[in-house]
Amino acid sequence: MNTRGQRILLWTAPPAVALFALAYLVFPVFSPPLSPTLTPDQVAAFFRGNNTGILGVAILCNLIACSLVPLFAVTAVQISRAATSSTVLTYAYLICVGVGTTAFILADYCWGMAAFRPDRDPQLTSLLNDMAWFFFIAPVGTIMVQNLCFALSVYLDERPDPIFPRWVAHFNVATVVLLAPSAFSILYKSGPLAWNGPLSFTLRLTTFAVYIAVMFWALLRAVRHQGDDRVVLA
Amino acid sequence: MAEVPKASALPAEHATSWRKNRKLDQWIAFWSVPFFFNLFGLVFVPLSWMMPPRSPSSTTPNIVDFMHSHNLLIACVILTLAYGLAPVSNACYLMQVRRMSVSPAFRYSMMIGAITGAIVGMLFPMFCFGLGAFRPGYSSGVLTMLYDFGYLAFIGSLGCFCVMWMAFGLAIILDENSILPKWLGYYTIWQYVTELMAAPVWIVKSGPFAWNGLMTFWFAMTLYVSWQIIVYVCIYRAIKNQPEAELDNASPELRPKVVELRSGTSA
Amino acid sequence: MTNVAEGFTPGVGNSRPDDSRRDHVPGDSSMWFFVIGDLLIFGVYFVGYMYFRGQNHELFLQSQARLNLDIGAINTVMLLTSSLFVALGTEAARAGNRAAALQRFWIALAFGAAFPLLKMFEWIPEISSGLTPGTNLFFMYYYVMTGMHLCHVALGLVIMGFVIRNLKTSTTPKISFVETGATYWHMVDVLWLVLFALLYLMR
């Protein structure tokens with residue numbers, strides 16, 4: 001079985017990650033992350049003052065929003081190789097990825113909108129900023145379920161030579177636990193759970209970054225060992 | 001395919017432990033559905049009273065009051081944790097459509113509709129309701145806009161579900177493997193019709209055709225909810241009755257049949 | 001994609017495709033499920049319409065007067081004629097006379113296709129003169145009900161097209177498919193008769 005397509009797609013991930021890292025580092029909204037306690041006037045002033053930087057990153061992220069999709073697509077292919085009775089986990093995974101990516105894009109749009117017309121009514125700018133943060137930090141539900149689907153596929157895999165080592169599944173389950181706190185960010189304006197706090201922000205983004213790195217490694221290995229194994233058409 | 005799983009994978013209809021169930025992945029996915037739907041119902045009704053929908057012609061003080069309710073935020077939290085299960089519930093449909101003799105295009109259409117619908121019909125409107133409660137001090141104009149956007153997106157999101165029900169209904173009707181009963185296919189066409197019925201919510205603000213109206217909400221919901229229950233009963237039966245020989249992980253003695261069935265797929 | 005006609009085997013409960021016994025349920029039994037359910041759904045709309053008409057009698061009467069009764073009547077004739085030819089065509093198909101059946105279905109299709117065309121001549125002037133669904137409750141009911149009906153007509157025309165194709169190209173046309181299509185079309189016609197009476201005629 002020719003796995004060249006998968007390998008090519010996988011290797012688009014490192015450049016994607018590099019670009020995301022760049023976006024993160026130069027995004028004025030993230031360095032440091034804007035506090036939820038800012039008043040609408042302060043938020044409006046911030047967007048006015050950092051206009052170029054924000055717009056630049058918004059455009060960049062608009063472009064690279066789906067650049068990790070190939071990695072997820074390859075994951076879906078590998079999930080479908082698991083000897084389960086159906087491809088239900090593959091499909092659930094695919095849909096989750098689609099939904100999660102859309103949420104990210106919406107967040108990007110909201111920041112872009114806020115920066116587009118900086119002399120907007122500060123209430124509206126603040127609303128857009130809130131919306132962007134909501135869509136960026138809180139929607140962990142799909143990442144959680146998609147990782148659970150992946151983990152399940154590993155646990156339920158009846159093959160004598162498993163596609164992934166079991167610890168990758170455990171790791172995925174761990175990410176589910178580590179990402180969950182972010183959902184609570186919409187309840188707080190300060191503290192560790194607020195959208196700029198160590199749990200909702202730092203832990204979430206760090207977990208996600210480590211997750212991508214680990215999955216990249218695990219997928220490369222899985223694809224390399226795929227050999228002649230046919231995948232099940234999903 | 002790689003080596004055969006050993007004797008422990010003997011196809012036994014009455015597995016002694018549920019863990020040895022051959023269709024475990026499908027069952028886990030299936031049983032997540034009632035859990036999710038009940039959670040959804042609890043969150044939307046008794047927790048936050050978003051449903052049944054409030055009137056589009058509520059007075060402004062009522063709207064402002066509602067949008068400031070803290071329970072909306074709690075509802076948001078629960079939903080953002082749980083909404084990943086919606087894709088799983090959709091994947092359950094897709095699994096049955098995959099077994100049908102129809103082209104993969106049907107299930108791909110459904111999949112794309114599901115992706116779109118989860119955001120425009122669920123996550124986005126939910127956040128509209130949460131945003132107002134997150135930061136007090138927004139003007140009533142802004143809150144009313146969020147209120148409108150929330151309800152319109154929930155009740156008035158039409159197209160993504162239109163394509164899902166059309167593809168699903170057609171697939172069932174055209175299916176030669178009789179995976180799901182034909183009358184369900186026709187019932188699914190009515191799901192499509194409920195989307196048409198809901199279209200007027202974008203126009204009127206009171207009366208039977210508003211987003212809380214008799215025709216567009218209550219009647220449509222009666223059709224919708226009963227279909228939702230019935231379809232999962234049918235899917236339960238379909239999973240249960242699926243011959244073990246047909247499973248993706250069927251043991252090789254039974255495997256010859258698998259190839260035939262799947263090659264029935266047309267392009 | 002599977003040929004629709006070939007794939008249209010009788011559904012649950014009806015196992016013989018070309019049953020010539022007189023007392024069998026014509027066509028696909030699941031189509032009857034659909035027809036009855038559809039009639040019920042429209043029935044709820046009819047009941048709702050009657051109720052709100054009772055509440056807003058004056059408004060409904062005045063609005064009703066603005067409808068184009070002529071086109072409504074012509075459309076009724078179109079559909080009735082179309083249904084007639086569908087019935088004749090089904091009879092011919094049952095008797096094995098493929099040529100006659102084909103001809104009659106083509107005529108039925110032509111009359112049926114006139115319906116949406118005339119509808120446009122009815123709706124477009126109405127909308128341009130400001131009578132939109134949002135105008136008042138009567139017009140909302142009018143547009144929603146006739147709109148849903150129009151979708152049914154469009155679907156019926158598509159189904160008829162497949163019936164014609166099946167009659168033309170298949171060596172052994174499936175009578176049950178013809179009957180199923182005919183059942184659907186007759187339902188569309190019945191619905192229109194009620195709609196016409198309620199919306200246009202009833203004073």
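Reader: Where in chain B is B:Pro52 found?
Author: B:Pro52 is found in the loop between α1 (24-47) and α2 (60-67) of chain B, where helices (DSSP runs of H or I, at least four residues) and strands (DSSP runs of E, at least two) are numbered from the N terminus. Residues are numbered from 1 along each chain as its sequence is written, while chains are lettered from A and ligands numbered from 1 in the order in which they are written. This is a predicted model, in which local features need a pLDDT of at least 70, side-chain atom pairs count only at pLDDT 80 or more, and totals for chains, interfaces and linings use all residues.

Reader: Is the peptide bond from B:Met51 to B:Pro52 cis or trans, and what is its omega?
Author: The bond from B:Met51 to B:Pro52 is cis, with omega near -10 degrees. In chain A, the bond from A:Ser31 to A:Pro32 is likewise cis, with omega near -5 degrees, and A:Pro32 has its place in the loop between α2 (13-26) and α3 (40-49) of chain A. Most residues other than glycine have a negative phi, and most peptide bonds are trans.

Reader: What makes B:Ser178 partly exposed, and where does B:Ser178 lie?
Author: There are 14 other C-beta atoms within 10 Å of B:Ser178, so this residue is partly exposed. B:Ser178 lies in the loop between α7 (159-174) and α8 (182-198) of chain B, and its phi is near 50 degrees, a positive value in a residue other than glycine.

Reader: How many helices and strands does chain B have, and what share of its residues counts as buried?
Author: The secondary structure of chain B comes to 10 helices and 0 strands, and of its 267 residues, 47% count as buried. For chain C the figures are 7 helices and 0 strands, with buried residues making up 36% of the 203 residues. Among the contacts in chain C between residues at least 6 apart in sequence, 75% join residues at least 24 apart, a contact being a pair of residues whose C-beta atoms, placed from the backbone, lie within 7 Å.

Reader: How do you know that the length of helix α8 of chain A agrees with its number of residues?
Author: The expected span of a helix is 1.5 Å times one less than its number of residues. Helix α8 of chain A (residues 141-156) has 16 residues and should therefore span 22 Å, and its end C-alpha atoms are 22 Å apart, which agrees. This helix is also mostly covered, with 14 of its 16 residues buried.

Reader: Where in chain A is confidence lowest, and where is it highest?
Author: By pLDDT (the predictor's confidence in each residue, from 0 to 100), confidence in chain A is lowest in helix α1 (residues 4-10), at a mean of 89, and highest in helix α9 (residues 166-179), at 96. Chain A as a whole averages a pLDDT of 92, and 98% of the residues score at least 70.

Reader: Which chains have the most contacts, and what makes up the side of chain A that touches chain B?
Author: Among the 2 pairs of chains that touch, the most contacts are between chains A and B, with 44 residues taken from chain A and 46 residues from chain B. The elements of chain A that give two or more residues to this side are α6 (88-116), α7 (122-137) and α8, and α6(A) gives the most, with 11 residues. The residues on this side of chain A divide into 28 nonpolar, 10 polar and 6 charged, where Ala, Val, Leu, Ile, Met, Phe, Trp, Tyr, Cys and Pro count as nonpolar, Asp, Glu, Lys and Arg as charged, and the others, Gly among them, as polar.

Reader: How many residues does the contact between chains B and C take from each, and how far apart are chains A and C?
Author: The contact takes 23 residues from chain C and 23 residues from chain B. On the side of chain C, the elements that give two or more residues are α1 (4-7), α2 (29-55) and α6 (137-169), and the largest share, 9 residues, comes from α2(C). This side of chain C divides into 15 nonpolar, 8 polar and no charged residues. Chain A and chain C do not touch, and their nearest C-alpha atoms are 18 Å apart.

Notes:
Buried ≥ 20, exposed ≤ 12 C-beta atoms within 10 Å, placed from the backbone.
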